[in-house]
Amino acid sequence: MRFMRWLPLLLVWLLPALTAGHPHSRYTRLNRSRRLLAGEDAAIEGLQVASDACPASAAHDVEPPSLNVFGLLSKEEIQSIHAWLLEQKPLNLTTLSAATTVGDNYVFVIEGLPAPKADALRYLDKKQNPPKKFAKVVIHGGALLPEPAVVEFKVGPLPICPETRLERIGRRTIPYNARVSDMVEDAVLYPLIAEKFGIPAANATQALVGGTYLGEEADTIVPAHTAPRGMDGKTRRTWFHFLRPSQGVFINAVGLYIQIDHSGIDVDQWKLLKIVYDDVVFKSVDEFLEAFHAGQLRPHNIPADMTWASRSPPPGKAREFGLISGPSIESRGSARHRVSTSQKYVTWMDWSFYMTHTRDKGLTLWDIRFRGERIIYELGLQEALSIYSGDDPIQAHASYLDSSFGLGSHAFSLVPGYDCPATATMLNISMHAEYTFLRQNVICLFEAPAALPVTRNYRQYGAGAYEHASVTKGFLFTARTAVTVDNYDYVFDYIFSLDGTIEARVAASGYLQGTYWRDGAASSSYGSRIHSSSMGSLHDHIMNYKIDFDIGGTKNSLEKTVFERETVQYPWNDGQVTVQNKVKRAWVKKEAGFTTANSHFERYHIANRDQKNKWGNPRAYRIQTNGPMFSTVAGQSPNLYRNAQWAKYYMAVTKRKETESTSSCSYDQNLPMKPLIEFDSFLADRESIEQEDLVAWVSMGNHHLPRAEDVPNTVTTVSHSSIVLSPFNYFDADPSADGRNAIHVTPDISVGSDGQQVLNALIEVFDESRDGSKTCSLPEFHASYNGFDML
C-alpha cells in the first residue's frame, strides 16, 4: 500500500502582488506544474523577486501637535541665561574659566524646568495657552554670606525679557560641603594630594607599589576617589586609592589608600588625614615613612605588563569568519518614524512622545501616547545606585548615587554602526554642566526586527493536513543613550512594541571598580580574583525609575493580584482532587512600598476603575520587573542611612505631587545622614491612591559578583535588567493584530486536466502601507514552506 504525501509547501516571505485582493493585502497563487509523485518530498521554489534600488531614507520631519513644555532648552537659550546671570550684580558671579578657588561663586548647571503638570495638561489637552517657560540654575556659592552654600534658582519667564526674575527654589540651605564635585575643586585638590603625600612619599611608593604620584604627566600611579564625601554636610572628607595609569586603569589598583579632609573653602586648612597600607593606618606621612624605613612594610607584587586589561588590539587569533563583518540592521526604503529635532518629538507606528535630557537624570520621556491616548505622562530614570563590599577603605565605603556624578552630563557620543544601527537617527543635546556645550549623537532612535515574531499560529487538522500558518513580524523602536560614569558604562533604552508595550532597559558594561588582591586575606569573601594582583569587588546595581501613569486620564488606582494555590474537588472528577492556582484581586487603598519577598506570586496593575474595556474589565497597564532589586543595606549602612530609602523597595506607589518630583537628589550623595529627600516621607502620610493621579517608583538591577570574564569589560549579555509596562485589558483585543508586516498561508490543492491533484499555494501578504503606497521589493529570494509531513 502506498501513501501519498500531501505537502502544500508555501513561501513565507513578502511577495509582489500578482492578483487583486484585499486593499491592504496581496494574494499570490503558486502552481506546481507537474504531478506530485507518491512518496516525493516536494518543495516549491519561491518566486524570484526583482531587486529594486531601495536606499534607506532618514527619519521624516514632523510638526509636533504642541510645544515641548517639559524643560527643553536650546544652546542659544542656555547661553542667553548665562549671560543674564552674569549681569545680576547681587550674585557676584565669576565665570568658570576665571574661577581659581572654591571660594568663588559660579554657575554649575543651567537646565529647563518642566511645566507643572496641571498647566501642561491644560495646554496639551485643552489647547489653552502654553505655560510660561522657566529654567533651573545651580550656583556653587563659595563666596555667599553668611556662609558658603549651593543655591538653586528658578529663572524666567523665558526667553530673557524685562519680566525675567530670579526665584530661589526650596527653603533649606544646601551645605557647600555636600556640593557635587567640579573642575574648580579638582584643580586644587589633586595638586594638594601630590604636595601632601605623593612628593614626600615618592621613594616609598616607588619601592612598595612600583610608582609615584608627583602631579605630573609622567606619573606612574594616580589617585581615584570614592563617595560619599561626607555624612551631614559639616565636613568633606574623601578616600582615594592609587591605580596604575593604563587603558584598564580601574582594575589596576596597587593597594595604597589615603583620606583627605577638604572641608570648607580655605584650602590652607585642607589636610591629609590617613594613609592605609596592608590594613595598617598611619596618621601622617612621617609615620608611614618611619614604618617603611624600618622595613615593616612589604612591597606589593604589581605586574609591569598591563596589557591584560586593554581593549586594543583584540587578543588572540580571529575566529573562523571573524574578519567578515557580521549581519547588520538595514532599512529598506522609507523610515517609519518621524522626528522633530527642535522639539525632541518622535512618532512611530501609533506611538508618540517628547524627550528631555538633564544633567542629573539623563534622558526622560514625556507625554507618551499610543493611538492618540496618553499612557504615561513622565517616564525617566531617577537614580543609579552602586553599593560595594570589601575589606579596604574604598570598597567598604563606596556607595555611589550616580546622579551626583551626572547621568546626563556623562552621556557621550554614540558610535553609529556599533552602539546603534548605522541607519539610526542621531540627536544632539545642549547642556550647561560647568560649561555650555552641544554634544553630538548622544541619543539614537532606530527601528529593528525583534528576535521573535510578535504573534504566530500554525493550525493543523486531521492526519497529513494543515489549515493555515500565520506570522506577524515583530519590530521594536528604541530610544537609546549610553552613559559612562567613571569605570562603568550604562546603556539605557526605552523600547516600544507594536502591541502597546514599553520596556525601560539598562545594560551595564565598562570596567569593574577593582581593588588589590591579597593572598591569604579575607578578600575572597568580597569578590573574585581576576588577575595576579587584581580583584573585582562584590557590588549591587539598583536603578530607580519614575513612571507617572495616566490610564484613561489622571484618575487611576493600583490593583494587586496574588496567585494562591488551592486544593479543590470537583463532582465530575471521581473523588480526585485538583491542585491548581487561582488569582486573588484587591485594590490597594493607601500609598505603599513593596519588597521582593513575594514578587514571583504578585502582580500589580495601574488601572482606571471608571473606564472599562468591551468585556467589562478596568483598563490597565501591568508593571513587570525583569530583575527586581532592593537593597538590604539601605537604611542600615551609615553611607546609605537616609538618602536612598527608595532602594528598600522594588516598587512604591504614591499620589503624585509637584513637591515630590523625584526620589533622589544629587546632593544627597554626600548627605546620607541628613538628606534633602527622604523617600519614606512620600509614604508616611498614607494618602489614598484610589482614583488619584499616581506615580509608580520602580527599581531594577542585579547583584554583581565579578568573574574573570569581566576582564577587560563586563558583558551586557548577562548584566542587564528591565521594567516592562504592558496593556492589561486596556484594549478589547491585541492591537498588533492590524500589523501589515504579516503573512497568512493556506493550502490550495486543485485537480489538473489529467485528473491528478496539483499542489497550489495561496499566500496572503499584508505588506502595503495604509495609504496604499507600495513598499520596496525584496531582493531575489528562494524559499520553501513545508506545512505538514505524513510519514
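Which residues does Phe-549 touch, not counting residues up to four places away in sequence? The first legend takes up this question, and all the views come from a predicted model.

**View 1. Phe-549 and its contacts in the largest nonpolar core.** Not counting residues up to four places away in sequence, Phe-549 touches Ile-375, Ile-376, Asn-556, Ile-606, Tyr-621, Ile-623, Asp-693, Leu-694, Ala-696 and Leu-725. The largest nonpolar core has 76 residues, and among them Phe-496, Tyr-545 and Phe-549 touch the most other members. Strand β17, which runs over residues 373–388, gives the most to this core, with six residues. In soluble globular proteins, nonpolar side chains tend to be buried together.

**View 2. A second, separate core.** This core is made up of 66 residues, including Phe-108, Tyr-176, Phe-240 and Ile-275.

**View 3. The disulfide between Cys-420 and Cys-444.** The structure holds one disulfide, and it joins Cys-420 to Cys-444 with an S to S distance of 2.1 Å. The torsion about this S-S bond is about -85 degrees, so the disulfide is left-handed. The pair links distant parts of the chain, 24 residues apart, with Cys-420 in the loop between β18 (399–401) and β19 (425–433) and Cys-444 in strand β20. Both Cys-420 and Cys-444 are buried.

View 4. Ile-443 is found in strand β20, which covers residues 435–449, and it counts as buried because its relative accessibility is 1%. Although Ile-443 and Cys-420 are 23 residues apart in sequence, they are 9.5 Å apart in space, C-alpha to C-alpha. Leaving aside its neighbours within four places in sequence, Ile-443 is in contact with Met-355, Leu-363, Leu-414, Thr-425, Met-426, Leu-427, Ile-429, Arg-480 and Thr-481.

View 5. Rolling a probe the size of a water molecule over the atoms shows where empty space is left. A search of the whole structure finds four cavities of 30 Å³ or more, and the largest cavity has a volume of about 100 Å³. The lining of the largest cavity consists of 13 residues, of which Tyr-257, Asp-279, Asp-391, Asp-392 and Arg-518 lie nearest its centre. Strands β10 (253–261) and β26 (514–516) are the elements that give two or more residues to this lining.

Definitions and conventions: Residues are numbered from 1 along each chain as its sequence is written. This is a predicted model: local features need pLDDT of at least 70, side-chain atom pairs count only at pLDDT 80 or more; totals for chains, interfaces and linings use all residues. Side-chain values use heavy atoms; hydrogens and water are left out. On a 1 Å grid over the protein atoms alone, a cavity is a set of points where a 1.4 Å probe fits but cannot get out, and a pocket is an open set with protein on both sides within 12 Å along at least five of seven lines; lining residues have an atom within 4 Å of a point. Grid points are joined across faces, edges and corners, and a volume is the space filled by probe spheres set on the points. Helices (H or I, at least four residues) and strands (E, at least two) are DSSP runs, numbered from the N terminus. A nonpolar core is a set of buried Ala, Val, Leu, Ile, Met, Phe, Trp, Tyr and Cys residues joined through side-chain atoms within 4.5 Å. Buried means under 20% relative accessible area, exposed over 50%, partly exposed in between (1.4 Å probe, protein chains only). Contact means heavy atoms within 4.5 Å. A disulfide is a pair of cysteine sulfur atoms within 2.5 Å.
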